[in-house]
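Hello,

Here is the structure I promised to pass on.

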Amino acid sequence: MRAPQMDRISSHFRRLKLSKAEERVEALLQEATEKELTYSDFLDRLLSEEVAAKTDKAIQMRTKMARLPYLKSLESFDFKYQPSIDEKQIRELATCRFIEHGDSIVLLGPPGVGKTHLAVALGLKAIEDGYRVLFASATALIAALAKAHSENRFEERLKTYVVPKLLIVDEIGYIPIERLGANLFFQLISRRYERGSMILTSNQSFANWGEIFGDQVIATAILDRILHHSVTVSIRGESYRLKEKLKAGLIKKRD
Ligand code: ADP
Ligand code: MG
């Protein structure tokens with residue numbers, strides 16, 4: 001039978017919501033006795049396990065809240081396949097210093113070259129470092145803003161996209177944006193400007209953004225704010241999706 005003191009210790013941990021400590025205390029006490037650990041060593045182990053469990057849980061929670069389309073890491077990114085990417089630059093970005101400084105990142109390139117993969121991987125690094133992150137495709141984000149606008153809830157909705165420390169807007173330029181959408185997107189950019197970082201991805205060069213937003217003036221205003229504090233990563237190369245096919249010689253490499 002468990003000693004009453006052990007029950008009391010367990011209930012203290014429960015009350016303090018230290019569930020990992022509650023789960024592990026008996027085993028760690030036993031280990032401490034066997035290995036003749038000092039009190040401070042024992043306490044250190046117990047608290048370290050609790051902190052690790054809490055950190056893990058917080059990361060899982062923030063990952064869920066980020067609504068990433070898939071989970072891919074920088075570790076699984078094959079830099080050799082995409083020599084136009086400066087690996088050192090991406091590793092520097094992965095330190096998340098750009099978020100501390102409120103800088104943004106623009107990833108440009110044709111389909112399949114790894115823009116979303118890199119955006120997700122950097123988002124995960126930010127989550128690990130304790131930042132709140134939100135991912136949205138440009139189309140979904142603008143549709144959500146337009147819907148909220150029509151329902152007189154624009155301000156409220158805008159907050160959803162302004163509060164996270166890092167906002168990832170994927171696939172700008174795949175679908176043209178209507179005038180109202182462009183306007184609402186501009187308001188979002190203005191609100192985040194010099195406040196929170198963004199990662200934007202696009203298959204279109206900046207020169208074509210006027211066309212995407214259907215209005216050169218708005219596009220210039222948007223770009224002006226985004227580019228003021230930002231790093232642009234231009235990826236030129238083959239689609240990774242075609243990698244296997246290229247390898248098998250099914251299609252010819254682009255010149
Ligand atoms: P896009 O540039 O169109 O956003 P994605 O990032 O979605 O392309 O990449 C397409 C697919 O190929 C994804 O499954 C992604 O994980 C994978 N991929 C792209 N580039 C690489 C790479 N260099 N190393 C490993 N996987 C890659
Ligand atoms: Mg993509």
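Which atom of ligand 1 does a backbone N or O atom of G114 lie 3.1 Å from? It is an oxygen atom, and the pair counts as a polar contact (N or O atoms within 3.5 Å).

First, some housekeeping. This is a predicted model, where local features need pLDDT of at least 70 and side-chain atom pairs count only at pLDDT 80 or more, while totals for chains, interfaces and linings use all residues. Residues are numbered from 1 along each chain as written, chains are lettered from A and ligands numbered from 1 in written order, and side-chain values use heavy atoms, without hydrogens and water.

Back to the ligand. An oxygen atom of ligand 1 is also 3.3 Å from a polar backbone atom of V113, and a polar side-chain atom of R241 lies 3.5 Å from an oxygen atom of ligand 1. The protein buries 90% of the 560 Å² that ligand 1 exposes when taken alone (Shrake-Rupley method, 1.4 Å probe). Around ligand 1 there are 15 residues (a heavy atom within 4 Å), with K72, D78, G112, T116 and H117 the closest.

The largest cavity has a volume of about 100 Å³. Its lining (residues with an atom within 4 Å of a point) includes G102, Y193 and H229.

Best wishes

How values were computed:
A polar contact is a pair of N or O atoms within 3.5 Å; within protein, one must be able to donate a hydrogen and the other to accept it, and residues adjacent in sequence count only if both atoms are side-chain atoms. On a 1 Å grid over the protein atoms alone, a cavity is a set of points where a 1.4 Å probe fits but cannot get out, and a pocket is an open set with protein on both sides within 12 Å along at least five of seven lines; lining residues have an atom within 4 Å of a point. Grid points are joined across faces, edges and corners, and a volume is the space filled by probe spheres set on the points.
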